[in-house]
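Let us take a walk through a protein model together, one step at a time. Have the sequence and the 3D view ready, and try to find each part as we reach it.

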Amino acid sequence: MTETTTMPEAPSAPQLDLDAYLARIGRPGERGPSAASLRALAFAHVTAIPFENLDPLRGSAPSLALPDLEAKLVRAPRGGYCYEQNTLFAAALRALGFTVTGLAARVRVGARGALRPRTHMLLLVEVPGEREPYVADVGFGSIGGLLEAVPLAADTEFHDGNRCHRFVREPRPGHEDLWVLQAFLDGADGAWEDQYAFTLEPCERPDYEIFNWYVATHPRSPFRRTLHVQRTTADRHLALSGHTLTETDRDGTRAQRELADEAEVLAVLAAEFGIEAPEGVQLPR
């Protein structure tokens, strides 16, 4: 008689509480994988969950595990930066039937010609019935970032929310072309400005774990040294950098003021961004 041994089943991957996520972003409507629902979901996420780097200011890399992201971004009065935001958004999209691929980009905003590492996370999303994939990015944390998901098509202007974007292709002899996201920013010198550049090479979770650790802990990382918080609504964009609060209306009008001290920063985080700062965080200017 042969004794058989039953092997324990491998633990299943944690599943997102989709109902709680949709309630968080205020999007209880259509759940099918369509272009319209993708655009609406991206806009709802961007305008509901703020961008912030409070964990790196505490000297730690935020967890990218789905249960931790759900606890922080869905159930707590917090936000996160690109790896957290887009990892959570990708989980929601997959639960809704979309096919999602993670990508990495080199940020060009503020680079002044310097070559930065590929440390920004964005998503390539396949939409049933659509010829072109869409780019979705709910974690850029910049006034030049996407408000909705847009098709990956070169030299076509997209009006997403109250913003205007386009992709251009940069040839690289002997290499895959770069895709560059550009935003048209209003102002005295209104012009197209590069936001970031990327290829379609997929990235996996271990890649983002390394990027996340580096960006959160490297001594020269801007996220390690200065508070960066942003929130977008249908009518305005708020940015808090150190103690400087900048409000930009949808017509491009800007107002800026300096916050007096840490107590005022904490008050503004709560009142304007809906963020409760964790214990032990230091808020350098």
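We can begin with two helices. The axes of H1 and H2 come within 8 Å of each other and cross at roughly 70°. Because of that angle, H1 counts as roughly perpendicular to H2. Which residues meet where these helices touch? From H1 come Tyr21, Leu22, Arg24 and Ile25, and they meet Leu41, Ala44, His45 and Ala48 of H2. Keep in mind as you look that this is a predicted model.

Tyr21 also leads us to the next stop, the largest nonpolar core. This core has 46 residues, and the members that touch the most others are Tyr21, Leu38, Tyr83 and Phe89. Several elements give two or more residues to this core, including the helices H1 (18–25), H2 (35–48), H4 (66–74), H5 (82–95) and H6 (205–217). Strands take part too: S2 (99–107), S3 (118–126) and S4 (134–136) are on the list of elements that give two or more. Which element gives the most? That is H5, with eight residues.

Setting aside its neighbours within four places in sequence, tyrosine 83 is in contact with Leu64, Thr119, His120, Met121, Tyr208, Phe211, Asn212 and Val215. Apart from this core lies another one, made of 17 residues, among them Leu124, Phe140, Ala153 and Tyr196.

Now turn to the strands. Eight of them form an open sheet with antiparallel pairing, in the order S5-S4-S3-S2-S9-S8-S7-S6.

S3 and S4 pair in the antiparallel sense over three bridges, and leucine 124 has valine 135 in S4 as its bridge partner. S3 itself is mostly covered, with seven of its nine residues buried. Eight bridges join S2 to S3, again antiparallel; here alanine 105 has histidine 120 in S3 as its bridge partner. S2 and S9 pair antiparallel over three bridges, and valine 107 stands opposite tyrosine 196 in S9. Strand S8 (residues 175–185) and S9 (residues 191–198) are an antiparallel pair with seven bridges, and tryptophan 179 stands opposite phenylalanine 198 in S9.

Our last stop is glutamine 182, found in strand S8. Is glutamine 182 buried or exposed? Its relative accessibility is 10%, so glutamine 182 counts as buried, given that the cut-off for buried is under 20%. What does its side chain reach? The side chains of glutamine 182 and arginine 166 are joined by a polar contact of 2.6 Å. Another polar contact, of 2.8 Å, links the side chain of glutamine 182 with that of aspartate 194. Not counting residues up to four places away in sequence, glutamine 182 touches Cys164, His165, Arg166, Val168, Trp192, Glu193, Asp194 and Gln195.

Methods:
Residues are numbered from 1 along each chain as its sequence is written. This is a predicted model: local features need pLDDT of at least 70, side-chain atom pairs count only at pLDDT 80 or more; totals for chains, interfaces and linings use all residues. Side-chain values use heavy atoms; hydrogens and water are left out. A nonpolar core is a set of buried Ala, Val, Leu, Ile, Met, Phe, Trp, Tyr and Cys residues joined through side-chain atoms within 4.5 Å. Buried means under 20% relative accessible area, exposed over 50%, partly exposed in between (1.4 Å probe, protein chains only). Helices (H or I, at least four residues) and strands (E, at least two) are DSSP runs, numbered from the N terminus. Contact means heavy atoms within 4.5 Å. Two strands pair if DSSP finds at least two bridges between them. A polar contact is a pair of N or O atoms within 3.5 Å; within protein, one must be able to donate a hydrogen and the other to accept it, and residues adjacent in sequence count only if both atoms are side-chain atoms. Axes are lines fitted to C-alpha atoms, for helices over the stretch in contact, and angles run from 0 to 180 degrees between N-to-C directions. Angles under 35 degrees count as roughly parallel, over 145 as roughly antiparallel, 65 to 115 as roughly perpendicular and the rest as oblique.
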